[in-house]
Each structure stands twice: as C-alpha cells, then as structure tokens.
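Good morning, and thank you for coming. I would ask everyone to look at the screen while I go through the model.

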Amino acid sequence: MKMKTLIRKYSLLLLIILSCTISRGQANAIVDSVSAGNQLYNSGKYQDAIRKYQNVLSQGFESAELYFNLGNAFYKSGNATYAILNYERAKKLAPNDEDIRYNLDLAHTQIIDNVVSLPEPGFLRWWKQLINSQSISSWGAMSIITFFTFLSLFGLFLLSRSFRVKRLAFWVSIAAISLSAITFSIGSHLTSKLINHNTAVITDRSVRVKSSPSETGTELFIVHEGVTVQLTDKLGEWVNVSLPDGNKGWVKESSMVRI
Amino acid sequence: MRLKHLYLLVCVLLLSLPGFSQQISFTMEAPKVVELGEQFRLAFTVNAKGQNLKLPELSDFLILMGPSTTQSSSFQIINGTSSQSVSFSYLFILKAKKDGKFTINPASINVNGTTITSNSLTIEVVKGSAKPTGGGTEQPTTTPGTVPKSDLFVKLVVDRKNLYKGDHAMATIKIYSKVNLNGFEDISLPSFEGFWSQDVALPQQISLQRESFNGEIYNVGTLKKTLLFPQQTGTITIDKVKIDCIVQQRVKQAKSFFDDFFDNFANVKVTVTSDPVIVTVNPLPAGPADFSGAVGRFDLRSSITSTNVKENDAITLRIDVSGNGNIKLINAPKLKLPADFEVYDPKTQSNYAATAEGLNGNISFEYLFLPRFAGDYTIPPVNFIYFDPVAGRYTTKSSQEFKIHVAKGDGTSTKGIMSSVAKEDVKFLGKDIRFIKQGNSELKPKGEIFFGSFSFYLIYLAGVLGLLLLYLMYQKQIRENANVARVKNKKASKVALRRLKEANMHLKNGATEKFYEAVTRAFWGYLSDKMTIPFAELNKDKASAELANHKASEIVINRFIQILDTCEYARFAPGEANNRMLEIYDEACDVMGQMDKEIN
C-alpha cells in the first residue's frame with residue numbers, strides 16, 4: 001500500500017514536470033471550462049455541459065475525469081451509445097477506476113443488443129486485473145525505479161572488492177532488471193492499447209455485418225448502436241470486427257467511432 | 001328553413017337535368033330462329049321522336065304488314081328525382097322466303113337532324129318440323145303423362161374439354177323444350193367436384209328463347225352458367241344434371257258437349273337428365289420456385305404510402321394484380337424486406353366478377369411494415385410469376401423498386417419498444433450512474449503519454465550513461481594508480497643510482513655520516529618505489545618478506561640486509577668503518593644491480 005502511494009506520487013511528479021510545457025494561463029482557462037461544464041451538469045443542462053466538455057477536448061486536452069463527465073452528460077441526455085464511447089475512453093486512461101466501470105456497465109444495459117462476453121480463463125482475468133491495477137505512468141515509474149536499482153546494484157557488482165558483496169549484488173541486480181523488463185512490457189502493452197485505436201463503438205442505429213468486405217457479402221448478423229467491437233483487420237473502407245461474444249464479420253468503418 | 005329546402009330542390013333539379021338528355025338508342029329486334037313460312041315480328045324502337053326510318057335490305061323476307069307505329073311515354077319521380085322516357089316503335093310482320101342464315105343490316109332513323117343507326121341481326125330460318133309448335137293447334141300427345149325425349153331435354157355444355165390446371169372452362173346448363181313448360185320442381189345440379197367453381201350472374205327469371213337444334217326450333221332456357229377452374233389433373237367427370245319439370249298437357253277426354261269450349265289441362269311431372277361430361281386437365285409445365293399459382297393474364301401495379309418516414313412509422317406497400325384468370329387462388333408474392341424491419345402478414349383483398357370470358361377483376365396485397373432503425377433502405381422489386389395458358393409459358397411481372405429514407409425518431413416510441421424487445425431481466429429503475437468527478441482534473445495534451453516518450457527513454461539512457469561514466473572514472477583511476485607504481489618502479493633503480501652517486505661524492509669528500517645515510521636512503525627508497533610500499537612502513541622484516549614475494553634470491557636478500565646493517569652500525573659507531581666505505585659502496589652497487597635484475 002505504501003509502495004502504491006509512493007508510485008502514484010512519483011508519477012504525479014513526472015506529470016507535473018511534463019505539464020510544465022502548458023502555459024499557465026491556457027491551463028487555467030481550460031480548467032475553468034471544465035468546472036463550468038460541471039456546473040451545467042449539476043443544473044441539469046446536459047446538452048450545454050456536453051458542448052463545454054467537447055470544447056475542452058477539441059483544444060487538444062484530455063483526462064479520464066473529463067471523458068467520464070462527458071459520458072455522464074451523454075447518458076443523462078439519453079444517448080447511451082456516446083456515453084459508452086466516452087466511458088471506454090476514460091477507462092483507457094484510468095483502467096482501474098471503479099466509477100467508470102460501474103457507469104459503463106449501466107450504460108451497457110441501455111443499448112439494444114445484449115452481447116454476452118465469452119468467459120475468460122481465470123489466470124487471464126487475474127493477469128488483466130494486475131495490468132489494470134496501475135496506470136501506465138505508474139508502470140513506467142516502476143520500471144524506471146527498478147532499472148535504477150539494477151544500475152546501482154550492477155555498479156556495486158563492478159566496483160566492489162568483496163566477493164560476497166559482488167555475488168549478492170549480481171543476483172539482486174538480475175532480479176531488478178527482470179522486474180524492470182516486466183513492468184516495462186506491461187507499460188508498453190498498455191500504451192500500445194492506448195495509441196492503437198483498435199476498439200470501436202458502433203454508432204449507426206443498425207448495422208448488418210457481412211461475411212466479406214463488400215455490399216454483396218452474405219449478411220451474417222445485425223448489431224445495433226452501442227456495441228463495443230474489436231477491430232482486427234482493415235480493407236479499404238471496411239473493417240473486420242470481432243464482437244465480445246466471439247462473432248466476427250466485416251462492417252463499414254463509417255458506422256462506428258474508434259475509442 | 002323553407003327557403004333552404006327550396007334551394008336544395010332547385011339544386012337537385014338542376015343536377016338531374018343532364019339526365020334528360022339521355023343517350024338516344026335505336027334498336028332492332030327479331031327472333032333468332034324462325035321456321036320457314038312462319039310469320040314473325042321485326043320491331044324497331046327509338047327513345048326519341050324520329051323521322052324518316054330507312055329499312056335495310058330485306059329481300060330474303062316478305063313484308064306482310066307494317067309499319068305500325070306505337071308510342072309510349074312515362075314520367076316517374078323516385079325519391080324526389082324525376083325521370084321521363086318516351087319510346088316510339090315501328091312494327092313489321094315478316095315471313096322468310098327460304099331457309100338458311102340471314103343477316104339483316106342496320107336500319108337508320110333521323111332524330112333531331114342526326115342520323116342514328118341500329119344494330120344488325122342474324123336470323124336463322126329452319127325448315128321446320130312436321131307438326132307445328134305452340135298455340136292452340138297443338139295436338140295432345142299420344143300417351144298422356146309422358147313427353148318424348150326429343151321434345152324436352154337438358155344439356156350440360158362445357159366449352160373447353162382439354163385445358164391446363166388452373167385455367168377456366170365455362171359450363172352451361174340449358175333446357176330445350178318444345179312443350180308447354182310450366183316450371184321446375186327440383187333441379188339437382190352437379191357438384192363440380194375437382195373444380196373451383198364460380199357462377200356467372202344470370203337474370204333471376206329464366207326466359208326461354210327460340211333456338212335451333214338439329215334443324216328444329218326449341219324454346220331454350222339457360223339455367224346456369226358456371227366458370228370452372230380445375231384443381232386437380234387428369235380426367236374429371238362432371239355429374240349429370242337432373243331436373244324435374246312440370247309440363248302442362250292437354251288431356252284428351254271422352255267427347256262431351258263442352259269439349260270444344262273448355263280444354264282440360266293437366267300438369268305432368270317429367271324428369272330429364274343430361275349426359276355426363278368428361279374434361280381432361282393437363283398439369284402445368286415445371287415452373288419457377290416462387291410461382292404465385294396464378295393462371296391467366298395479369299398486370300401488376302405497386303404503390304407505397306410513404307418513402308420518407310421516421311423510425312417505427314408504419315409503411316404500407318400495396319401490390320395490385322388485375323386481369324383475367326384464377327384471381328381468387330393467387331398467393332401473396334414474397335416481399336424481400338431489409339432484415340430488421342418488422343413485417344406483418346399481408347392483407348389480401350380481391351374483387352372479381354365471373355363473366356363469359358372468365359374471372360375478371362383484381363386482387364390487392366397490402367404489406368404493412370415498420371422500419372425499426374434510421375437509415376436508407378431499398379425494397380427490391382416484387383416478382384409476380386403467373387402461367388399464361390394461351391402462350392403456354394410462365395411470365396414474370398415485376399413491381400418497381402422503392403427507396404426508403406428512415407429518419408431518426410424522437411425516441412419516445414422507441415424506448416417503449418426497446419424495453420419490450422430487448423431485456424426484461426434488467427431492473428435498474430432505482431439505479432443511476434455515479435456522479436461526475438468534481439475535482440480539478442489533471443488535464444494533459446491529447447495523445448501525450450509519458451511512457452514510451454523521448455524523455456522516458458532519456459531517463460533510462462541517463463542512468464546507463466551515469467553508471468558507464470562512473471565505471472570509466474573508476475577504471476581511469478585504477479589505471480592512473482597503476483601508472484604511478486610503474487613509473488616508480490621504472491625510476492626506482494635510477495633514483496637509487498643517483499643516491500649511490502651522491503654517496504660516492506660523500507665518500508670522496510670523506511663525509512662518513514652522510515655517505516652511510518645516502519646508501520641507506522638509496523636502499524629504502526628503491527624498495528619503497530619498487531614494491532609501492534609507503535616509506536614509513538618499511539622495516540627489515542617487511543622488506544625481506546616483500547623481497548621474497550618478489551622472488552628475489554636468498555643471497556641477494558641477505559646481502560641487502562647485511563649492507564643495511566653495516567650502514568646502520570657505521571652511522572651510530574663512526575670512525576671504525578671509515579676505511580670500509582669504498583668496500584661497502586662497491587658491495588651496495590653490486591647488490592642493487594643484482595636485485596634489479598631479479599625483481600624485474
């Protein structure tokens with residue numbers, strides 16, 4: 001627990017260093033815009049709140065909270081599809097946030113299709129839980145810390161005259177570099193998920209999924225708006241989608257929005 | 001109130017005025033069949049006052065009398081509407097000159113300055129039987145109570161006896177009579193098993209008309225006309241018709257006084273039956289899969305109520321099939337709608353009339369459907385396939401294609417349907433989403449992830465470089481340290497030699513004390529530089545041990561120690577060893593050379 005807070009603090013520090021590039025005035029204006037959106041949401045003006053939040057996004061800024069609030073505003077104005085889209089985006093940035101998951105589950109009950117996910121093996125679920133337990137920055141920070149631990153131990157190994165110290169330093173440094181590699185790969189896996197937008201939410205009211213990437217393809221099944229799909233292939237304007245229940249087929253990319 | 005009624009009356013009268021100027025008709029009437037030598041009437045009727053009647057050529061007939069003119073007019077008010085009609089008729093009595101078929105060409109008449117022509121007529125003149133028909137001259141039959149078969153019979157005529165399944169044939173039941181037919185008691189008609197039958201409307205009253213059959217004139221009544229649509233293939237036998245007729249017969253009685261004044265008549269029941277008819281029905285050739293079952297000739301029209309609707313708005317597509325054939329038996333053509341339309345069963349409505357030519361009319365199919373979701377859809381053409389019995393092949397008629405634009409609904413109706421269609425197990429009535437996050441969110445530029453960024457890798461690189469630098473510095477330090485030792489080692493003998501030279505100088509000067517001191521320093525200094533041992537730490541024991549480590553021979557070590565001992569002794573007990581200075585100097589030089597050789 002202590003470690004966790006430490007990591008969080010550390011990633012916060014890194015973020016602060018990064019965000020130094022944003023000029024202070026601009027940042028203030030954007031934060032004001034977000035709180036204005038929050039106030040509009042409070043008074044029930046969801047459409048106006050949506051506009052405020054989207055304005056912030058259009059200026060090139062994002063955060064899990066912003067997506068979450070935007071998703072809430074969409075949900076309240078009766079648009080479950082876009083609520084799901086924004087919750088998914090928020091979840092990408094903050095995979096471990098319980099509120100986001102709760103609202104996402106609730107939004108899923110409002111859509112037409114009841115897509116039942118395939119059951120996952122226990123270890124996979126455990127692994128995903130582990131991966132999502134920390135943010136990307138935390139994994140990155142962990143990787144850096146363990147790497148520096150490795151460096152200092154390796155240095156000790158190189159410089160020490162005592163054989164016993166050398167041996168101990170060597171083995172502990174091996175453990176540290178392995179840990180660093182694991183945390184790094186988890187971080188890069190999450191980053192690639194974040195950068196490669198290969199999940200999407202269907203936004204057309206009703207989409208016929210074809211067996212081949214053409215209009216003449218056999219119609220396999222119908223999905224309605226709000227379904228989250230995995231994109232596995234792309235050919236022209238057609239993409240191969242795979243549903244959580246394992247069904248696959250080709251759909252025009254214009255009928256969905258990537259998360 | 002009254003005024004209003006008056007206006008209404010005037011209006012009605014005005015509206016009905018065009019009714020007076022009705023179509024002027026001019027008709028010619030005569031019996032169809034006459035016997036040679038028989039007198040018959042040829043009548044012309046016109047419903048307006050006409051002038052200048054021009055008769056057609058009547059060279060085959062003799063005009064016995066005429067024209068006699070009669071006029072009638074009528075005026076009637078039915079439900080407040082009045083109608084007036086007049087008719088003028090011109091009557092001629094004719095007689096045929098010879099037998100055969102003769103056509104009388106149309107006559108013409110001048111009404112109000114315009115010439116109107118009548119219809120034409122065909123009259124068949126037959127030779128006639130030996131005994132005259134009808135009238136008071138009729139002779140009583142030989143056997144009372146019976147009627148000869150040739151005088152009264154019934155016929156069932158089917159116009160086509162070889163046809164396709166689903167095509168139509170006309171069955172006509174006619175009664176032929178030469179006797180005084182009074183009525184029918186019981187008519188048992190065939191059931192037309194194997195056919196779908198449709199009666200053709202006939203006048204309620206059966207009117208007898210003169211017709212010739214086998215060269216004789218009969219009074220013929222058409223009892224029934226039925227359209228038959230065979231429903232099975234093969235030979236079908238139509239049952240016979242059985243009719244109980246009431247015939248009025250004159251009864252011959254014993255001569256009496258009143259005989260000549262009163263005839264005695266009796267009603268005789270006579271049963272007549274027709275011959276059964278056999279019809280051959282051919283199966284239809286192998287047809288396409290979605291054949292509608294229609295046989296005949298048809299036209300197709302389609303219409304749609306709207307092509308621009310909102311979600312869940314009903315659209316009705318109507319397909320009208322009209323023509324001649326087995327309209328009643330047509331199946332609704334298949335409509336291929338987009339998959340997620342909600343479709344109801346088509347509503348079928350047919351309207352037809354049986355005529356002599358077959359079943360004429362139309363049948364309409366109304367497809368009601370609801371587009372559930374917004375989008376642009378295409379309803380492909382509906383194919384209606386029927387069999388044309390005249391051409392003997394299948395024909396396809398297609399309706400037009402419809403493009404439908406469905407706009408997004410207002411959501412109120414959708415919600416209700418959704419909840420009923422989708423999930424009933426969800427009971428989130430009291431639940432709501434978690435509230436928005438109020439805290440100042442840490443906004444950052446989109447797509448900027450620290451992980452994997454340049455600065456992220458820079459940290460790793462900096463760490464590696466730092467360690468490398470540290471290691472290199474350490475290595476350099478070690479190397480430098482090693483260099484100092486080597487220089488010292490290399491310089492050791494030089495320094496020692498210089499000190500020995502100094503000792504040699506002191507020897508020549510006779511400075512005994514300084515000589516021994518120089519030799520001692522040369523020896524210790526050499527050892528310190530060579531072995532990299534601090535000067536202060538040197539003593540004889542350590543020196544001998546180190547020298548042994550450096551693989552110096554025992555003899556050299558002993559000599560080295562001895563010289564040091566001698567020098568020490570000479571320094572603290574001067575005078576005695578003065579003459580040995582040269583000897584020691586030589587010895588020292590020799591040991592130094594030996595040692596330098598052995599150690600390196």
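Which residue stands opposite Phe61(A) in S32(B)? The residue is Pro445(B). Please keep in mind throughout that this is a predicted model.

Let me place that pair in its setting. Strand S1 of chain A, residues 61-62, and S32(B) are joined by two bridges, and the sense of the pairing is antiparallel.

I turn now to the contact of the two chains. Chain A contributes 50 residues to it, and chain B contributes 38 residues. On the side of chain B that touches chain A, strand S32 (444-445) and helix H3 (454-509) each supply at least two residues. H3(B) gives the largest share of that side, with nine residues. Sorted by class, the side of chain B that touches chain A holds 22 nonpolar, seven polar and nine charged residues.

Next, chain B itself. Chain B contains seven helices and 32 strands. Of its 600 residues, 23% are buried. If we take the contacts in chain B between residues at least 6 apart in sequence, 74% of them join residues at least 24 apart.

S2(B) pairs with strand S10 of chain B, residues 121-126, in the parallel sense, and three bridges link the two.

Still in chain B, consider Lys54(B), which is found in strand S4, residues 51-54. Is Lys54(B) buried or exposed? Lys54(B) has 11 other C-beta atoms within 10 Å, and therefore counts as exposed, since the limit for that class is 12 or fewer. Apart from neighbours within four places in sequence, Lys54(B) is in contact with Ala107(B) and Ser108(B). Its C-alpha atom is separated by 8.9 Å from that of Asn110(B), a residue 56 places away along the chain.

Ile112(A) lies in the loop between helix H6 (98-108) and helix H7 (122-132) of chain A. With 22 other C-beta atoms within 10 Å, Ile112(A) is buried. Ile112(A) and Gly226(A) are 114 residues apart along the chain, and 7.7 Å separates their C-alpha atoms.

Finally, a pair of helices in chain A. Helix H4, residues 64-76, packs against helix H5, residues 80-93, at an angle of about 165°, and their axes are 8 Å apart. H4(A) is therefore roughly antiparallel to H5(A). Their crossing is left-handed. Among the residues that meet are Phe68(A), Leu70(A) and Phe74(A) from H4(A), and Tyr82(A), Tyr87(A) and Leu93(A) from H5(A). By class, this contact has 12 nonpolar, two polar and one charged residues.

That concludes my presentation, and I thank you for your attention.

Key. Residues are numbered from 1 along each chain as its sequence is written. Chains are lettered from A and ligands numbered from 1 in the order in which they are written. This is a predicted model: local features need pLDDT of at least 70, side-chain atom pairs count only at pLDDT 80 or more; totals for chains, interfaces and linings use all residues. Two strands pair if DSSP finds at least two bridges between them. Helices (H or I, at least four residues) and strands (E, at least two) are DSSP runs, numbered from the N terminus. A residue is buried if 20 or more other C-beta atoms lie within 10 Å of its own, exposed if 12 or fewer, and partly exposed in between; C-beta atoms are placed from the backbone. Two residues are in contact if their C-beta atoms, placed from the backbone, lie within 7 Å. Ala, Val, Leu, Ile, Met, Phe, Trp, Tyr, Cys and Pro count as nonpolar, Asp, Glu, Lys and Arg as charged, and the others, Gly among them, as polar. Axes are lines fitted to C-alpha atoms, for helices over the stretch in contact, and angles run from 0 to 180 degrees between N-to-C directions. Angles under 35 degrees count as roughly parallel, over 145 as roughly antiparallel, 65 to 115 as roughly perpendicular and the rest as oblique. A crossing is left-handed if the near helix is turned anticlockwise from the far one by less than a right angle, and right-handed if clockwise.
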